[in-house]
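Hi everyone, thanks for coming.

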Amino acid sequence: MQKYDYFLEPENIPPDAEIVIHNAGFSRCPPNYTYGWDSRDYYLIHYCISGKGTYFANDKEYSLGPGDGFLITPGSRIMHLSDVSEPWNLCWVGFRGERVAEYLAQARLDAENLIFRYTKDNLIETTIENIYDNIRFSDFSHLTLTGYLYVLLGALIDNAENKNSAKIAINHFEKAARYIKLNIRSPLTIPDLADELDISPSQMYRSFMEHCGTSPKQYLDRQKMLKACELMEKTDLSYSAISSYLGYEYETHFYQKFKKIMGITPSEHKKSTRKD
């Protein structure tokens, strides 16, 4: 195995440092190369640059590839295995300190959440390379070295927060879509919908655009027209009754909306479905 691993000498570490780098390295593993089972008394972040492999920890198995990373926590017995056909190329940094757990928690990483994915850029690989290059020289600045680690942890925290924001946006959309479905007959407005879900109209707009590429108003109007199609196909209700059912004050408004969204008039749609 081609491996480069440098450890920081204890005399170079300030005794009162809140976060301390222990080691850093790179390895290009041969096929089916196994490391472990063992444990460490410090934290390690590994990042897969290329290839594939498997990480075993806490009775769980994780299949990982380029852009994936894994955390090794102090005292945990772990093993990692490179793929037989596409062995992975890894880089890593080891560290410890009183505030490490706090920073990792902000990145949504702990003993129960050991895996992350970072594909935005090559910051993690580059930052570990900078740490690695500095450790090799005896006259390195501890402040510079720690600064690189803060950059890495900051990127992981931002990455986790962005993912959490995306989940929140999807959650807002799903709640809104459910509410629209249950209240399709009401003359809903977007501010009313935002108030119902206790979010701002701008948050509502962003969540819809991120999830389905349309504004809340466009989505609401389309859902009403789809419901109108369903009623035309399954019932003998008049257009006036359907218009009223869907909360439109004027039948002409319903006609205009239907033609704009569906591309045909209600009567043309009804004829086409009856013909089928």
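**Charges, pairs and buried spots**

Let's start with Asp192, which counts as partly exposed at 43% relative accessibility. You'll find Asp192 in helix α4, residues 190-197. Together with Asp195, Glu196 and Asp198, Asp192 forms a negative surface patch. Keep in mind that what you see is a predicted model.

Now to the charges that do find partners. Side chains of opposite charge can pair when their charged atoms come close. How many salt bridges does a search of the whole structure find? The search finds 10.

One of them joins Arg99 and Glu18, with the closest N and O atoms 3.5 Å apart. This pair links distant parts of the chain: Arg99 is in the loop between β9 and α1, Glu18 is in the loop between β1 and β2, and 81 residues separate them. Arg99 is partly exposed at 31% relative accessible area, and Glu18 is partly exposed at 30%.

Next, look at Lys257 and Asp221, whose side chains meet in a salt bridge at 2.9 Å, N to O. Lys257 lies in helix α8 and Asp221 in helix α6, so the pair ties together parts that are 36 residues apart in sequence. Are these two buried or exposed? Lys257 is buried, with a relative accessible area of 17%, and Asp221 is buried too, at 9%.

Helix α6 also holds Glu230 and Lys234, four residues apart, so they are separated by about one helical turn. Their salt bridge has its closest N and O atoms 4.0 Å apart. Glu230 is partly exposed at 32%, while Lys234 counts as exposed at 65% relative accessibility.

Let me finish with some other buried residues. His80, in strand β8, is buried with a relative accessible area of 7%. Leaving aside neighbours within four places in sequence, His80 is in contact with residues including Tyr33, His46, Phe70 and Trp88.

Ile21, in strand β2, is buried at 1%. Ile21 and Phe95 are 74 residues apart in sequence, yet 4.2 Å apart in space, C-alpha to C-alpha.

Finally, Leu188 sits in the loop between α3 and α4 and counts as buried at 17% relative accessibility. Beyond its neighbours within four places in sequence, Leu188 is in contact with Tyr179, Ile180, Asn183 and Leu220.

That's my tour, and I'm happy to take questions.

Methods
Residues numbered from 1 in each chain as written. Predicted model: local features only at pLDDT ≥ 70, side-chain atom pairs only at ≥ 80, totals over all residues. Heavy atoms only, no water. Patch = residues over 30% accessible without salt bridge, like charges linked within 9 Å, V, L, I, M, F, W, Y side chains within 5 Å. Areas by Shrake-Rupley, 256 points an atom, 1.4 Å probe, with all protein chains shown as cover. Lys, Arg positive; Asp, Glu negative; His and termini not counted. Charge placed at Lys NZ, Arg CZ, Asp CG, Glu CD. Helix = DSSP H or I, 4+ residues; strand = E, 2+ residues; numbered from the N terminus. Buried < 20%, exposed > 50% of the residue type's maximum accessible area, 1.4 Å probe, protein only. Contact = heavy atoms within 4.5 Å.
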